[in-house]
Amino acid sequence: MRIGISGAHGTGKTTLAEVVCAGLPGHVLEDEPYHLLEEDGYEFGFPPSVDDYRAMLARSVRCLGTSSPDVVFDRTPVDYLAYLAALGRDPAGEVDAEVLRSVFASLDLLVVTVITPETERTLPGAELPGLRSATNDALLDLVHADPLDAWPDVPVVELDGPLAGRAHVVLAAARHHRA
């Protein structure tokens, strides 16, 4: 099973991805493109620039297109399209829609973590709160509207409930999808 976990920074994606991966025997965790690019020597600005987000988008597309069949992705291309949208860019002009459709077709489940009152109270304060909020909104718009028609057949699980139940919800959705 291939599961992509998306969300703005500071919404618990990485922790969720680790727990979900541990709950799915034989699955591996694909680290987020930011860390993969850093390992390759890419130097990001702070805050990341439009070009930095484009580099992460390209790496995310490549990862989604080449990874194993049993993987949990910590971020998907829609994350970076949302960051670019939050910075005023048109997502349709940032990626080839056909390529995006192809890589998203390989996903069995797209999970979206959102900012909630509980994430605000419980999780560490996120840097760049304005960008985080704008990205959260852009991500939800992109996922639900799918203006690039890139993930029309991918089941989407939006996690806006309690943090403690998120992994259970994702694992239940994964079991349901397998059945």
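**Figure 1. The left-handed crossing of helices α3 and α5.** In this predicted model, helix α3 passes helix α5 in a left-handed crossing. The axes of α3 and α5 come within 8 Å of each other and cross at roughly 40°, which makes α3 oblique to α5. On the α3 side the contact is formed by V61, L64 and G65, which meet V99, L100, V103 and F104 of α5.

**Figure 2. The buried face of helix α5.** Within helix α5, which spans residues 97-104, the buried residues are L100, V103 and F104. When the helix is seen down its axis, the buried residues of α5 fall within an arc of 95°, so they line one face of the helix. Such a spacing can be read against the geometry of an α-helix, which has 3.6 residues a turn, so that residues three or four places apart point the same way. The partners against which the buried residues of α5 pack are helices α3 and α4 together with strand β4 (109-113).

**Figure 3. The packing of helices α3 and α4.** Helix α3 (residues 50-66) packs with helix α4 (residues 77-86) at an angle of about 165°, their axes lying 8 Å apart. Because an angle over 145 degrees is counted as such, α3 is roughly antiparallel to α4. The crossing of α3 and α4 is left-handed. From α3, the residues V50, Y53, R54, M56, L57, S60, V61 and L64 take part, and they meet P77, Y80, L81, Y83 and L84 of α4. The residues of this contact of α3 with α4 divide into 11 nonpolar, 1 polar and 1 charged.

Figure 4. T135 is found in helix α7, which covers residues 129-145. With a relative accessibility of 1%, T135 counts as buried, the cut-off for that class being under 20% relative accessible area. If the neighbours within four places in sequence are left aside, T135 is in contact with A8, A82, Y83 and A86. One of these partners, Y83, is also among the α4 residues that meet α3.

Figure 5. The peptide bond from F46 to P47 is cis, and its omega angle is near -5°. P47 itself lies in the loop between helix α2 (33-39) and helix α3.

Figure 6. The phi angle of R75 is near 100°, a positive value in a residue other than glycine. R75 has its place in the loop between strand β3 (71-74) and helix α4, and at 6% relative accessibility R75 counts as buried. D149 likewise is not a glycine, although its phi is positive at about 50°. The place of D149 is in the loop between helix α7 and strand β5 (156-159), where D149 is partly exposed, with a relative accessible area of 42%.

Notes. Residues are numbered from 1 along each chain as its sequence is written. This is a predicted model: local features need pLDDT of at least 70, side-chain atom pairs count only at pLDDT 80 or more; totals for chains, interfaces and linings use all residues. Side-chain values use heavy atoms; hydrogens and water are left out. Axes are lines fitted to C-alpha atoms, for helices over the stretch in contact, and angles run from 0 to 180 degrees between N-to-C directions. Helices (H or I, at least four residues) and strands (E, at least two) are DSSP runs, numbered from the N terminus. Angles under 35 degrees count as roughly parallel, over 145 as roughly antiparallel, 65 to 115 as roughly perpendicular and the rest as oblique. A crossing is left-handed if the near helix is turned anticlockwise from the far one by less than a right angle, and right-handed if clockwise. Contact means heavy atoms within 4.5 Å. Ala, Val, Leu, Ile, Met, Phe, Trp, Tyr, Cys and Pro count as nonpolar, Asp, Glu, Lys and Arg as charged, and the others, Gly among them, as polar. Buried means under 20% relative accessible area, exposed over 50%, partly exposed in between (1.4 Å probe, protein chains only). The arc is that of the directions from the helix axis to the C-beta atoms.
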